[in-house]
Amino acid sequence: MMTSVDTDLIRVLGDPLRLQIVTLLARETLCTTHLVEETGAKQTNLSNHLKVLREAGVVETEPCGRFTYYRLKPDVIDTLAGQFADLAATARANADAKRACP
């Protein structure tokens, strides 16, 4: 049973704007222009956050003319959710385990 969670991915998703981007991309594939409109973030700031999400493997890109569309990779979220589910199962299984103090 796995008891560790991908801390790098947690750090990536821990940023409020990146989490907002991921939430929006869960609903539909969007270009940078749409994401600027939806989040109110500056384009350069948004591009930096999208780069972090791309490098972490959370989103993938699709060029379309002069625009780039972003799509959430649900398998990454599934893996993270599974890691948390495993962690919860471990906690349940060991709820009565207590280490004695010296």
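The structure is a predicted model, in which local features need pLDDT of at least 70, side-chain atom pairs count only at pLDDT 80 or more, and totals for chains, interfaces and linings use all residues. Residues are numbered from 1 along each chain as its sequence is written, and side-chain values use heavy atoms, with hydrogens and water left out.

Confidence is expressed as pLDDT, the predictor's confidence in each residue on a scale from 0 to 100. The mean pLDDT of the chain is 93, and 96% of its residues reach 70 or more. Confidence is lowest in helix H1 (residues 7–13), with a mean of 91, and highest in helix H2 (residues 16–27), with 97.

Helices (H or I, at least four residues) and strands (E, at least two) are DSSP runs, numbered from the N terminus. The chain contains five helices and three strands. Along the sequence these elements follow the pattern α-α-β-α-α-β-β-α. The radius of gyration of the chain, 18 Å, is well over the 13 Å that the globule rule gives for 102 residues, so the chain is more spread out than a compact globule. This radius is taken over C-alpha atoms, and the globule rule is 2.2 Å times the number of residues to the power 0.38. Along the principal axes, the C-alpha atoms fill a box of roughly 65 × 25 × 20 Å.

Of the 102 residues in the chain, 28% are buried (under 20% relative accessible area, with a 1.4 Å probe and protein chains only). Contact is defined as heavy atoms within 4.5 Å. Among contacts between residues at least 6 apart in sequence, 56% join residues at least 24 apart.

Two strands are taken to pair if DSSP finds at least two bridges between them. Strands S2 (residues 59–64) and S3 (residues 67–72) run antiparallel and are joined by six bridges. Within this pairing, Glu60 has Arg71 in S3 as its bridge partner, and Pro63 is bridged to Thr68 in S3. S2 and S3 form a hairpin with two residues between them, and Gly65 in the turn has a positive phi of about 65°. S3 also pairs with S1, again in the antiparallel sense, over two bridges. Here Cys31 has Tyr69 in S3 as its bridge partner.

Strand S1 also holds Leu30. This residue, Leu30, counts as buried at 6% relative accessibility. Apart from neighbours within four places in sequence, Leu30 is in contact with Leu24, Leu25, Leu35, Thr68, Tyr69 and Tyr70. Between Leu30 and Asn48, which are 18 residues apart in sequence, the C-alpha to C-alpha distance is 16 Å.

In helix H3 (residues 32–39), the residues Thr32, Leu35 and Thr39 are buried. Viewed down the axis of H3, its buried residues fall within an arc of 60°, so they line one face of the helix. The arc is that of the directions from the helix axis to the C-beta atoms. The buried residues of H3 pack against H2, strand S1 (30–31), helix H4 (43–55) and S3. Just after H3, Gly40 takes a positive phi of about 80°.

Methods: Buried means under 20% relative accessible area, exposed over 50%, partly exposed in between (1.4 Å probe, protein chains only).
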